[in-house]
Amino acid sequence: LGPTICVGEILVEIMATTIGDGFREPIDLIGPFPSGAPAIFISQCARIGGMAAMIGAVGEDDFGRINTERLADDGADISAIAVDLDYPTGSAFVRYRSDGSRDFVYNIATSAAARFGWIGNVEALVSRAGHLHVMGSGLSMQSAVDVIERALPIIRERGGSLSVDPNLRKEITYDADTKKRFRNLIATADLLLPSGEELELAAGIEGEDAAIERLFEMGVKEIALKRGSAGATVFRPGAEPVSAAAFEVEEIDPTGAGDCFGGAYVASRRLGLSVEEALTYANAAGARNVTRRGPMEGAGTREELDRFIAETPRLGG
Ligand code: ATP
């Protein structure tokens with residue numbers, strides 16, 4: 001039907017090489033790595049062989065070029081990535097604390113990442129797209145909201161589908177409008193990819209079973225619940241849940257696991273693979289990605305993921 005598209009922030013990530021508390025003293029940093037949850041999703045989607053295209057903006061600088069070149073190398077359509085001549089590419093500095101939590105310094109709102117709109121190339125792409133994937137993190141960005149709200153009816157009209165990764169971040173505060181938009185989108189999603197407490201937040205009710213039932217009542221047709229190193233489960237109305245254990249890997253950098261999981265799952269389902277096969281690729285993509293430093297450095301091609309699946313033991317299995 002056409003490519004899977006994702007709208008939102010394109011960033012570079014620069015990360016501390018030491019674990020610690022914030023950025024208040026000089027520390028060693030590495031990067032830049034191409035990043036931004038929607039871009040990570042599209043990278044993995046394209047690498048596994050799904051048609052994928054990104055809508056967003058970068059500055060006219062090297063941080064932008066490492067992103068557009070990476071996505072193009074992955075096989076993604078970058079025709080709807082604008083190059084902003086006035087603002088630099090967005091960035092995120094990240095440092096892990098010893099408890100696994102992260103401190104961020106973001107430069108998104110006043111960067112090219114948040115400044116894109118409905119230009120001719122976006123319209124052209126949307127008019128041939130078959131699927132829209134929405135990241136909740138983008139819903140606090142007006143530019144992303146505007147494009148998503150214009151794109152969705154066009155894609156629906158074409159018979160296309162919608163997936164939503166709530167991707168809620170504790171660092172970002174969501175105003176009442178954003179929460180409302182999020183609930184409205186969830187209610188029209190074909191596929192939801194929550195992790196942890198996002199399932200209950202999306203449903204607005206406590207308890208896993210109750211949340212799933214509520215989401216099915218709202219019209220969601222498939223829920224892929226990510227459980228970190230405990231793997232993932234897919235729920236569909238009227239069908240037995242399908243669970244798969246995670247792969248046993250050494251976690252070097254957890255950032256991007258959920259986005260790679262989503263990219264692999266959505267692309268696999270759109271390529272016609274079964275829930276079981278898609279879940280295996282998604283678990284493998286998430287696990288492989290945490291073994292490398294940098295948010296999308298571990299995204300895998302179909303061949304790389306096949307090899308990873310053949311060589312890597314499952315946790316608890
Ligand atoms: P993100 O940090 O990108 O927001 P998320 O919370 O959306 O991630 P997770 O549940 O952390 O998503 O990870 C997605 C998937 O990646 C998991 O379901 C699992 O298959 C895989 N994964 C993540 N972390 C690990 C790990 N340490 N070991 C093995 N697999 C992992």
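Numbering starts from 1 along each chain as its sequence is written. Because the model is predicted, local features need pLDDT of at least 70 and side-chain atom pairs count only at pLDDT 80 or more, while totals for chains, interfaces and linings use all residues.

Begin with the nine-stranded sheet. Its order is β5-β4-β1-β8-β9-β10-β11-β12-β13; the sheet is open and the pairing is mixed. Strands here are DSSP runs of E of at least two residues, helices are runs of H or I of at least four, and both are numbered from the N terminus. Two strands pair if DSSP finds at least two bridges between them. The edges are β5 (81-84) and β13 (242-244), each pairing on one side only. Helix α2 (residues 62-74) packs on this sheet and touches β4 (52-59) and β5. The direction of α2 makes about 170° with that of β4. Contact means C-beta atoms, placed from the backbone, within 7 Å. Axes are lines fitted to C-alpha atoms, for helices over the stretch in contact, and angles run from 0 to 180 degrees between N-to-C directions.

Now look at strand β8 (residues 131-135). Five of its five residues are buried, so β8 is largely enclosed by the rest of the structure. A residue is buried if 20 or more other C-beta atoms lie within 10 Å of its own, exposed if 12 or fewer, and partly exposed in between, with C-beta atoms placed from the backbone. In a regular strand the side chains alternate between the two faces of the sheet. In β8, His131, His133 and Met135 point one way, and Leu132 and Val134 point the other.

β8 has a partner on each flank. Strand β1 (residues 4-7) pairs with β8 in the parallel sense over three bridges. Cys6 stands opposite His133 there. Strand β9 (residues 161-165) also pairs with β8 in the parallel sense, over five bridges. Across that pairing, His131 faces Ser161 and Val134 faces Val164.

Five of its five residues are buried, so β9 is largely enclosed by the rest of the structure. Ser161, Ser163 and Asp165 lie on one side, Leu162 and Val164 on the other. β9 pairs in the parallel sense with β10 over two bridges, and Val164 has Leu192 as its bridge partner. Strand β10 (residues 191-192) then pairs in the parallel sense with strand β11 (residues 222-226), again over two bridges. Leu192 is partnered there by Ile223.

Inside, strand β2 (residues 11-16) and strand β6 (residues 90-96) run parallel, joined by five bridges. Val12 has Ser91 as its bridge partner. Strand β3 holds Pro32, which a cis peptide bond joins to Gly31, with omega about 5°.

Helix α2 returns here. Neighbours within four places in sequence aside, Asn67 is in contact with Ile10, Pro34, Ala39, Val58 and Thr89.

Just after α1, Gly49 takes a positive phi of about 110°.

Finish at the ligand. The shell holds 22 residues, of which Ser195, Lys226, Gly258, Gly286 and Ala287 come nearest. A residue is near if its C-beta atom, placed from the backbone, lies within 6 Å. Helices α8 (257-270) and α9 (275-290) each supply at least two shell residues. By class, nine are nonpolar, nine polar and four charged. Ala, Val, Leu, Ile, Met, Phe, Trp, Tyr, Cys and Pro count as nonpolar, Asp, Glu, Lys and Arg as charged, and the others, Gly among them, as polar.

Conventions. Two residues are in contact if their C-beta atoms, placed from the backbone, lie within 7 Å.
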